[in-house]
Amino acid sequence: MRIRQHVNPLRADFLEIPLEPLVLPPDRPVEVELGSAEAQFLVERAAEDPSRSYVGVEIRRELVEQSNQRCQRLGLAQVRSVFANISLDLPRLFAPSSVTRFFVNFPDPWWKQRQRKRRVVGEELVEQLFALLVAGGEIHVATDIFDIALDAMAALEGNGRFASLREPWTFLRESRFAARSRRERHCEALGLKVWRLAYRRT
């Protein structure tokens, strides 16, 4: 099956996705990956810490179906992917102050100037994530593109309600987690620099 690598989230048919109810155990912390692709990162996070619920939000329906089938085969009931549009649907999926961590791993670069509005991490998204995070909840971003890392850092630093897990305007030296997405492992294999940042909701 051919699956598109890049999908325009502003396309008309992605602006009104009918969402299935997302029912999560009330006694488990929730971690969410935005743009989870085949959910490899979440599968590895579940192996690292099985006591949590993991949700992948992905706009490519085929990948959502594949990753859910795979998690079912692996017996990972605590990992679930949902077909949704990050730009619009997060408040419909998650209650205020309900998510412990958000991960944004290697978001699409959208290089052309006219495509910049499609980039995921900006002021609007950061404001949404603030409302959905528990007090002390975290946002983690990883990318091999310095421009995107700087944009994400500027949005988080400019919000005024997040504190870097290091110093202000400072990248992490390494990931705090053993889990890796497929893209991250590819970058590591090629020796590409990965820019990481992490912020806590104050």
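**Entry 1: cavities.** A cavity is a set of points, on a 1 Å grid over the protein atoms alone, where a 1.4 Å probe fits but cannot get out. Its volume is the space filled by probe spheres set on the points, which are joined across faces, edges and corners. I note that this is a predicted model, in which local features need pLDDT of at least 70 and side-chain atom pairs count only at pLDDT 80 or more, while totals for chains, interfaces and linings use all residues. Residues are numbered from 1 along each chain as its sequence is written, and side-chain values use heavy atoms, with hydrogens and water left out.

I searched the whole structure and found two cavities of 30 Å³ or more. The largest cavity has a volume of about 110 Å³. I looked up its lining, meaning residues with an atom within 4 Å of a point. There are 14 such residues, and Asn105, His140, Ala142, Ser175 and Arg196 are the closest to the centre. Strand S5 contributes the most, with three residues.

**Entry 2: the nonpolar cores.** I took a nonpolar core to be a set of buried Ala, Val, Leu, Ile, Met, Phe, Trp, Tyr and Cys residues joined through side-chain atoms within 4.5 Å. Buried means under 20% relative accessible area, exposed over 50%, and partly exposed in between, with a 1.4 Å probe and protein chains only. The largest core holds 33 residues, and Val32, Leu34, Val57, Leu90, Phe94 and Leu197 have the most contacts inside it. A second, separate core has 12 residues, including Ala39, Val79, Phe103 and Ala179.

I then listed the contacts of Val57, where contact means heavy atoms within 4.5 Å. Leaving out residues up to four places away in sequence, Val57 touches, among others, Val32, Leu34, Leu90 and Phe94.

**Entry 3: Ala179.** I located Ala179 in the loop between strand S6 (162-164) and helix H6 (182-190). Helices (H or I, at least four residues) and strands (E, at least two) are DSSP runs, numbered from the N terminus. Ala179 counts as buried because its relative accessibility is 2%. Beyond four places in sequence, Ala179 touches Phe41, Glu44, Arg45 and Glu48. The C-alpha atoms of Ala179 and Glu44 are separated by 4.9 Å, although the two residues are 135 apart along the chain.

**Entry 4: Asn85.** Is Asn85 buried or exposed? I found that Asn85 is buried, with a relative accessible area of 1%. Asn85 sits in the loop between strand S3 (79-83) and helix H3. A polar atom of the Asn85 side chain lies 3.0 Å from the backbone nitrogen of Ser87.

Definitions and conventions
A polar contact is a pair of N or O atoms within 3.5 Å; within protein, one must be able to donate a hydrogen and the other to accept it, and residues adjacent in sequence count only if both atoms are side-chain atoms. On a 1 Å grid over the protein atoms alone, a cavity is a set of points where a 1.4 Å probe fits but cannot get out, and a pocket is an open set with protein on both sides within 12 Å along at least five of seven lines; lining residues have an atom within 4 Å of a point.
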